[in-house]
Amino acid sequence: MKYEDAGVSIARGDRAIERIRRHVESTFTPWVVGEFGHFAGLCRLPGAGPGAPLLVASIDGVGTKVLLARERKAYATVAGDIVRHGANDCLVLGARPLFFLDYVAWGRLEEDAMEEIVRGMAEACREEGVALLGGETAEMPGVYQDGDFDIAGCMVGFVREEEVIDGSRIRVGDVVLALPSTGLHTNGYSLARKVLLESAGALDQEVPGSERSLGDLLLLPHRSYVKAVRPLVERGAVTGLAHVTGGGISGNLVRILPEGAVARLDLGSWERPAIFRAIQERGNVPEEDMLRTFNLGVGFVIVTRPDQVQGVRDELEGQGEACWKLGEIVSGTRGVTWTGVASPRG
């Protein structure tokens, strides 16, 4: 079973992005900062003087995780997911999240579920210290069936231009550290559902090695890394950050690498959570597809100088945050390479 067998083609998505690039870049005004394709967009405020903060904006959805949320009535969970996802994307650029906008579409609006969605968003916004500034609710019969819904959200933040973290300071010899995910977060659910949910009652079955049901593991929240990583950003301890979402560890880490930098990562440096072993074994999913589809237990990546590694780890572990060395930056053609053998848990 490959991701494309579940209806999602990463290659098709990559080709589409390249085809739209010139159209997007043709709209760039003199106030746009940075290049196409980062985790969030950067823009100056017209007329703002030197030292004024840049606006940072990121938009995304929670994907087919909404289908599980509907079945388990876990509306607040996926609503909080999209807020935390946006906060993480702003964090990657060194930015603070400022406010959030949501879009919720229905086949037929369900009032109780809608309230749960907004409650979940509001709770996550309070945790991140951002305002739920506005949103849009749409009923679209014919596009969605009764019971169907979808969620998307835009996070806007700010950062001073001299404090932007875009990966340009990454150098050969830097160390790559990893922070754990809570599970799938909000990516790879089309493949996970295709592989795991073909039998009745599958969501209630215990996943070997986890002592938790499949439904519980698949609906674990997409966690926020802001409180853990923000202090490191403020004291200049990082040279690059990556939020591991669609495209897996490689597909997201490569987005911040400068030319001539290769991230050489060790597959054996961590134990994959049991949910990923279940997906790979039950679906006979090729390792390449696992790496390109899922975070595999790595939710966020920090790149730092060798002399900063111990201080970074001490600070994170002092907050109760697990952290490990994932790899290092070496010289070569820009990209990500893997060494070692994966160490599954369960």
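1. Opposite W106 you'll find E139 in β5. Helices (H or I, at least four residues) and strands (E, at least two) here are DSSP runs, numbered from the N terminus.

2. A word on the model: it is predicted, so local features need pLDDT of at least 70 and side-chain atom pairs count only at pLDDT 80 or more, while totals for chains, interfaces and linings use all residues. Residues are numbered from 1 along each chain as its sequence is written, and side-chain values use heavy atoms, with hydrogens and water left out.

3. Now the whole sheet: six strands make an open, mixed sheet, in the order β1-β2-β3-β6-β4-β5. Two strands pair if DSSP finds at least two bridges between them. β1 (32-33) and β5 (131-139) are at the edges with a single partner strand each, so one side of each has no neighbour in the sheet.

4. On to N295, in the loop between α10 (287-293) and β13 (298-304). Is N295 buried or exposed? It counts as buried, because its relative accessibility is 4% (buried is under 20% relative accessible area, exposed over 50%, partly exposed in between, with a 1.4 Å probe and protein chains only).

5. Polar atoms of the N295 side chain lie 2.7 Å from the backbone nitrogen of G297 and 3.5 Å from the backbone oxygen of L184. Leaving aside residues up to four places away in sequence, N295 touches several residues, including H185, V244 and F276 (contact means heavy atoms within 4.5 Å).

Methods. A polar contact is a pair of N or O atoms within 3.5 Å; within protein, one must be able to donate a hydrogen and the other to accept it, and residues adjacent in sequence count only if both atoms are side-chain atoms.
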